[in-house]
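Hi,

Here is the structure I said I would pass on. Have a look at it first, and then read my notes below.

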Amino acid sequence: MLRVGEKQELTVLKKVDFGVYLGEADTKNAVKAAVEKRADAAPKRSVMDSAQTEKVLLPKKEVPSDAAIGDRITVFLYRDSKDRLIATRREPMLTVGKFAVLKVKEVAKIGAFLDWGLEKDLLLPFHEQTAKVQSGDECLAALYVDKSGRLCATMRVYPYLHRNSPYGINDEVSGRVYELSGNFGTFVAVDDRYSALIPRREGVTGLKVGDRIHARVTGVKEDGKLDLSIREKAYLQMDEDAEMVMGVIEEYAGVLPFDDRVDPEIIRREFGLSKNAFKRAVGRLMKQGRAEIRDHRIYKLK
């Protein structure tokens, strides 16, 4: 069976002026055809004379100069600009079910087109983009076959990423943001390969799809997925957070109109912090004698 989007080793079934036809001929027919050719037997036969009918063209410019009927050639199958199944010996950057970082060549009415190493660029439909892309951007994308049998790319790579990373808790890692979720947090592909998440409770704001980040592993789940934080450990981060909170208090003319029991969403919106991080920062300011809580407000003291 010919499988679009995959590499296959196929048999040369027939030679024509514009290339060769390849297919999955059985070994008996392939060997017989090769013997006939070597012996220059007559009449000439091709493996296509057998019951085998499924075939694909390998264009002449890609056919090895010494190719003969019955030879086996490894090719990748995709569809050309006229939506015809075609074979190529060129190496694509990814195959079905795999993912890679690809460059955006152009954006058209139906989506973006990505360079994936073949003559025909790869379509990234708008509905498969986790953020709008522009020409020249790089994006992490996976290859899939759509309902009409065409090859397309998706930036929704969560199902494709690996979960067997070599990293453990407190390891420093780098990765690429590939999706943002209001419910879960910021999805990251560590090393452009491993599944990871900056949980929503971290209160991270300001990151965009495509951003490269450095982070610390805070957890490894049973299924291998990583939890990350781009913040320092709490005792190291506290002073920085305290200064940032004081800056916001000053913007409110020295009186923050809520205390540390406010809704976490307000804290996340105003400070980009989790509630626990906010409470630690306020506690540090109070310990330093720079702030106090009264009447459900936080006041600057000095």
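The protein chain has four helices and 18 strands; these are DSSP runs, numbered from the N terminus, with helices being H or I of at least four residues and strands E of at least two. Keep in mind that this is a predicted model, where local features need pLDDT of at least 70 and side-chain atom pairs count only at pLDDT 80 or more, while totals for chains, interfaces and linings use all residues. Residues are numbered from 1 along each chain as its sequence is written, and side-chain values use heavy atoms, with hydrogens and water left out.

Of the 302 residues in the chain, 48% are buried (buried is under 20% relative accessible area, exposed is over 50%, and partly exposed is in between, using a 1.4 Å probe and protein chains only). Taking contacts with a separation of 6 or more, 58% are between residues 24 or more positions apart; a contact here means heavy atoms within 4.5 Å.

Now the cores. A nonpolar core is a set of buried Ala, Val, Leu, Ile, Met, Phe, Trp, Tyr and Cys residues joined through side-chain atoms within 4.5 Å. The largest one has 23 residues, and Leu102, Leu114, Trp116, Leu122, Leu124 and Leu151 touch the most other members. Strands β4 (72-79), β6 (99-107), β7 (111-115), β8 (122-125), β9 (138-145) and β10 (151-154) each bring at least two residues to this core. If you click on Leu102 and ignore neighbours within four places in sequence, its contacts include Met93, Leu94, Asp137 and Ala141. There is also a second, separate core of 18 residues, with Ile249, Val262, Ile267 and Ile298 among them. In soluble globular proteins, nonpolar side chains tend to be buried together.

Next, a sheet. Three strands form an open sheet in the order β16-β18-β17, with antiparallel pairing (two strands pair if DSSP finds at least two bridges between them). β16 (255-256) and β17 (291-294) are at the edges with a single partner strand each, so one side of each has no neighbour in the sheet. β17 is joined to β18 (residues 297-300) by four bridges, and Glu292 sits opposite Tyr299 in β18. Helix α4 (residues 275-287) lies across β16, β17 and β18, at about 115° to β17; axes are lines fitted to C-alpha atoms, for helices over the stretch in contact, with angles from 0 to 180 degrees between N-to-C directions.

A few loops are worth a click. Asp295, in the loop between β17 and β18, has a positive phi near 55° without being a glycine, and is exposed at 53% relative accessible area. Asp192 also has a positive phi, about 55°, and is not a glycine either. Asp192 belongs to the loop between β12 (185-190) and β13 (194-199), and counts as buried at 18% relative accessibility. Ala108, in the loop between β6 and β7, is partly exposed at 30%. Leaving aside neighbours within four places in sequence, Ala108 is in contact with Phe113 and Phe126.

That's what I have for now.
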